[in-house]
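The sequence and structure are shown first, and the description follows.

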Amino acid sequence: METNTNLSLLDKFQDWISRSTSLKLVIIGFIILILLIPQALTTDLIIERQIRLEEAENEVTGKWSRSQTVIGPYLALPYHYYREVQSNGENKIIKELKTAYFLPDLLDITGDLHAESLHRGIFDVVVYQSDIQLKADFGSIALEKLDITAEQVLWDQASFLISVSDLRGIGENPELTLNNTPLISEPFTDSQTYLKGLQFPVSFDSASKDFTFSGKIKLKGSKDFHIVPLGKTTELKLTGNWPNPSFQGEFLPEERSLDDDGFQSNWKVLHFNRPFGQEFNGTLPNFHDSAFGLSLKMPVDQYQQSIRTSKYSILIIVLSFLALFLMEIFTKSRVHPLQYILIGFALVLYYTLLIALSEQLGFSLAYLMASLATVGLLALYAKSLFSQLKITGIFTGILSLFYIFIFVIIKQQDYALLIGSIGLFVALAATMFISRKIDWYKS
């Protein structure tokens, strides 16, 4: 008799748990908190895959050529600097070797970028080959602005310099001239400015002026291409076959056109627009802060969109559980906490499925397939929970509406906050309206 009594009490306790609305809500809330653990692991997986993409990009660009920033041409003039020092009570004159730098009056660069996608496993990396035509006009050399006399200058050791971020990108010998006279190039590295690239030794006298430095360079790179506006007037014209470039840097193009075949863009920058002058003594400013150009990005960054989608996971889980709970109340069905857990795991597994498919199919198609698979699975499972096919259909429709809502938010970045706020307000209003007649104190 004692055993039967214990079983009877246990049955009563289980029956009370299953019928207690308040306790059921507490259990559902606890399940949601538990589901945050695998959801966090899923987010970590997405970040890990994104890091793997960056590693693949670094591996490809390390062998091809990295992003390129072109600085130049500019003129380097070595000169002797005399200063007086005191040694052992005597004044002595010391001769030091310094370098003065002069920027062009007009810099005109035209570039044609031929982009392509290289594959590394399942990852794609954008690289390009470019034909760069440049022309730089130098007027008279303003030595007086740096307090340098013509006698101090080593005119036979002058050189024009072009800084290039990655020298491996230079595919052929540059064809450059000074006043139509061909120049010979050689690499250089400046330990003071940390610039590296090509130098073109020249020799002229103090009476020389009005130099035109022109020619073309074939340059390989990956993703980004930038220049620095060294000229008093700098004009840049870039064309290419990549349909979705991202214009970046300190200056945006004055004119641009984009279509499926590629892009065309034109910049014009005046010396008033940049934070440095035309002459420098001994060292150069940080030119990179004034660089501008474009970035050739892949059409879809599935990892970034997957991370944004995963941030709404708690919203999907809460709204799905809320819809399931309300249907359980109105249909007087009983959904076991374990069944809530299984549904929650299906909602979490969705994000792993999404990232796996997006690596192969792209984000939009992967989102559609992952959503159909998850909604279909939960619809079949809901059929076993509710006796009425109509209720199963309503639950399936609600889930579908949730995933459509999240997809719209992901795609409409500028209006994500507005759409999300309106959607949540509507969801709260619907919940309040539907639950207004529920007797929460009914045991």
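## Cores and helix packing

Alanine 370 lies in helix α6, which spans residues 363-385; helices (H or I, at least four residues) and strands (E, at least two) are DSSP runs numbered from the N terminus. The model is predicted, so local features need pLDDT of at least 70 and side-chain atom pairs count only at pLDDT 80 or more, whereas totals for chains, interfaces and linings use all residues. Residues are numbered from 1 along each chain as its sequence is written, and side-chain values use heavy atoms, with hydrogens and water left out.

Alanine 370 has a relative accessible area of 0% and is therefore buried (under 20%; exposed is over 50% and partly exposed in between, with a 1.4 Å probe and protein chains only). Apart from neighbours within four places in sequence, alanine 370 is in contact (heavy atoms within 4.5 Å) with Tyr350, Leu353, Leu354 and Leu357. Its C-alpha atom is separated by 38 Å from that of arginine 256, which is 114 residues away along the chain.

Helix α7 (residues 389-411) packs against α6 and against α4 (residues 313-331). Axes are lines fitted to C-alpha atoms, for helices over the stretch in contact, and angles run from 0 to 180 degrees between N-to-C directions.

| Helix pair | Axes come within | Crossing angle |
|---|---|---|
| α6 and α7 | 9 Å | roughly 160 degrees |
| α4 and α7 | 11 Å | roughly 160 degrees |

The crossing angle therefore makes α6 roughly antiparallel to α7, a class that covers angles over 145 degrees. Helix α4 is likewise roughly antiparallel to α7. By class, the contact of α6 with α7 has 12 nonpolar, 6 polar and 2 charged residues, while that of α4 with α7 has 15 nonpolar, 2 polar and no charged residues. In this count Ala, Val, Leu, Ile, Met, Phe, Trp, Tyr, Cys and Pro are nonpolar, Asp, Glu, Lys and Arg are charged, and the others, Gly among them, are polar.

The largest nonpolar core contains 66 residues, and Tyr74, Leu77, Phe160, Phe204 and Phe213 have the most contacts inside it. Such a core is a set of buried Ala, Val, Leu, Ile, Met, Phe, Trp, Tyr and Cys residues joined through side-chain atoms within 4.5 Å. Strand β1 (residues 68-87) supplies the largest share of this core, 7 residues. A second, separate core has 41 residues, including Val348, Val375, Ile406 and Ala416.

Note on methods:
Angles under 35 degrees count as roughly parallel, over 145 as roughly antiparallel, 65 to 115 as roughly perpendicular and the rest as oblique.
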